Structure formats: structure tokens, C-alpha cells
Amino acid sequence: MSAEIIPLLSKALGETIYMVIISMFIASIIGVPLGVLLHTTDKGQILESLPLNQTVGSIVNAVRSIPFIILMVAIIPLTRLLVGSAIGTTAAIVPLVVASIPFIGRQVETSLKEVPAGLVEAAQSMGATPTQIITKVLLPEAMPSIISQLTTVIIALVGESAMAGAIGGGGLGDLAIRYGYQRFRPEVMLATVIVLIVLVQAVQFAGNYLSKRLNKR
């Protein structure tokens, strides 16, 4: 690999990390409460409301069923409205957020379902409000699992951010396509793949470590 590719690789890695961190932050702000809503409004839960649960669940499932590459194109008008452009690293954050919110919601819902019902019943018997049950029982008990689930989401975002490069989103995917595929330089493609593998391994290691630290069982 020639020397001029190294700065480009570093820049592309920075763009990918930027996309993933910002997208994950924004998506988590919306996705985690969404997961709490999906769980607590389900049948037999503390805020049972089946019409609301089914409506929100249907919307979540609909968005999750759209392939990411199609979603990126479909919401170009929204992307332009929010960031003023449909091309570039910042523009790619919009579809990444939209794709991640329902994913995070379902993952958090799954984690909350793992909390023993006896803990919730004990809190209710002591007069705890739904808000207290959510903040003092459900989320703390499910936090190790939530961290593991969010790690999975981050890894998915890394892959989707690379896919965003296919339509001018920047990052490692854009580097692989423009300097590797289009210029017939397999060494650039290989270097990009290696960097992505290292990035994913680092994310997985950090997620596993944090999850174990938070697990008090």
C-alpha cells in the first residue's frame, strides 16, 4: 500500500467513528425510551396499553424491515431538510439514526423482558410508582444486557456506515469504493477491511468489558 493512502485511511476512519458515535448517541436518546415504552405497555406490564403497544410496535417493525440502502435513498428529502445536503458524512448520520432507533428499541425491550417479574411485583407491593420501577428496578437490572445489546447496534452501525459510502457518505466505505474498487487497487480494499475488523473487535471488547463490570449477579 502506497504512502498516500495512509492519510486517506486515517481520515476515512475518523469519518466512520464520527458517524457511528453521533448516530449512536442520537439514536439512543430516542431508542432507549422507545424500548421502555414497548416493554411497559405490553400485556401484563406496569403501563399496559395494548393499542399503543401494537401501534408503536407496527411502526418499529415497518422501519426495521426496510433495507438500509433503500432507506438512505427514501429519506433524502428529510436529510436535505435537516442538514442541507444528501451527500457527505454529516448527511449519512440522518439515515443511520433513523435505521438505528427501532433496532435499539427492540433490543432494549428484549433486555427489559429478562428482568425477573418478582422484582417488579416487589417494588409495586412497596408502593413504587411506574417511573420509580423503570428507573430503580427495570433499567438498573437490565443494564448489563442493554450494554451488550447496544454493542451489537454499534457494530451494525459500523457496517451501515461503510455502506453509506456507496452513495457519497464518506468514511471507510467511500474509501474502499473510490480508491479500491473503482481504481482496481485490491490492497486498499484489504486495508479497509482490516481496519473495519479491528474497529469491530475493539467495540466488542469494550462492550463486553463494560457489561461484565455492570453485572452484579
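This report describes the fold, helix packing, nonpolar core and selected residues of a predicted model.

**Overall architecture**

The secondary structure of the chain consists of nine helices and zero strands. Read along the sequence, the elements follow the pattern α-α-α-α-α-α-α-α-α. The C-alpha trace spans about 65 × 40 × 25 Å along its principal axes. Of the 217 residues in the chain, 43% are buried. Among contacts between residues at least 6 apart in sequence, 72% join residues at least 24 apart.

**Helix packing**

| Helix pair | Angle between axes | Distance between axes |
|---|---|---|
| α1 and α8 | about 145° | 6 Å |
| α1 and α2 | about 135° | 9 Å |
| α7 and α9 | roughly 170° | within 8 Å |

Helix α1 covers residues 5-40, and helix α8 covers residues 171-181. The axes of these two helices lie 6 Å apart, at an angle of about 145°. On the α1 side, the contact is made by I5, L8, L9, A12, L13, E15, T16 and M19, while α8 contributes G171, L172, L175 and Y179. By class, the residues of this contact divide into nine nonpolar, two polar and one charged.

Helix α1 also packs against helix α2, which comprises residues 50-64, at an angle of about 135° and with the axes 9 Å apart. Because of that angle, α1 is oblique to α2. The passage of α1 across α2 is a left-handed crossing. From α1, the residues L34, L37 and L38 meet L52, N53, V56, G57 and V60 of α2. This contact has six nonpolar, two polar and no charged residues.

The axes of α7 and α9 come within 8 Å and cross at roughly 170°. The two helices are therefore roughly antiparallel. Helix α7 takes part through M143, P144, I147, S148, T151, I154, I155, V158 and A162, and α9 through L196, L199, V200, V203, Q204, G207, L210, S211 and L214. The contact between α7 and α9 comprises 13 nonpolar, five polar and no charged residues.

**The largest nonpolar core**

In soluble globular proteins, nonpolar side chains tend to be buried together. In this model, the largest nonpolar core has 52 residues, of which I104, L112, I133 and L138 touch the most other members. At least two residues of this core come from each of α1, α2, α3 (68-74), α5, α6 (117-125), α7 (130-164), α8 and α9 (186-214). Helix α7 gives the most to the core, with 13 residues.

The surroundings of I104 may be described individually. Not counting residues up to four places away in sequence, I104 touches M24, A27, S28, G31, V32, L150 and V153.

L47 is found in the loop between α1 and α2. With a relative accessible area of 37%, L47 is partly exposed. Although L47 and P130 are 83 residues apart along the chain, their C-alpha atoms are separated by 7.3 Å. When residues up to four places away in sequence are not counted, L47 touches T40, T41 and P130.

G88 is located in the loop between α4 (76-83) and α5 (89-113). Its relative accessibility is 22%, so G88 counts as partly exposed. Leaving aside neighbours within four places in sequence, G88 is in contact with G168 and G169. G88 and I146 are 58 residues apart in sequence, and their C-alpha atoms are 31 Å apart in space.

D174 belongs to helix α8. The relative accessible area of D174 is 12%, and this residue is therefore buried, the cut-off for that class being under 20%. Not counting residues up to four places away in sequence, D174 touches G165 and Y179. Y179 is also one of the α8 residues that make the contact with α1.

Conventions
Residues numbered from 1 in each chain as written. Predicted model: local features only at pLDDT ≥ 70, side-chain atom pairs only at ≥ 80, totals over all residues. Heavy atoms only, no water. Axes fitted to C-alpha atoms, helices over the stretch in contact; angles between N-to-C directions. Helix = DSSP H or I, 4+ residues; strand = E, 2+ residues; numbered from the N terminus. Contact = heavy atoms within 4.5 Å. Nonpolar A, V, L, I, M, F, W, Y, C, P; charged D, E, K, R; others polar. Buried < 20%, exposed > 50% of the residue type's maximum accessible area, 1.4 Å probe, protein only. Parallel < 35°, antiparallel > 145°, perpendicular 65-115°, else oblique. Left-handed = near helix turned anticlockwise from the far one by under 90°. Core = buried A, V, L, I, M, F, W, Y, C linked by side-chain atoms within 4.5 Å.
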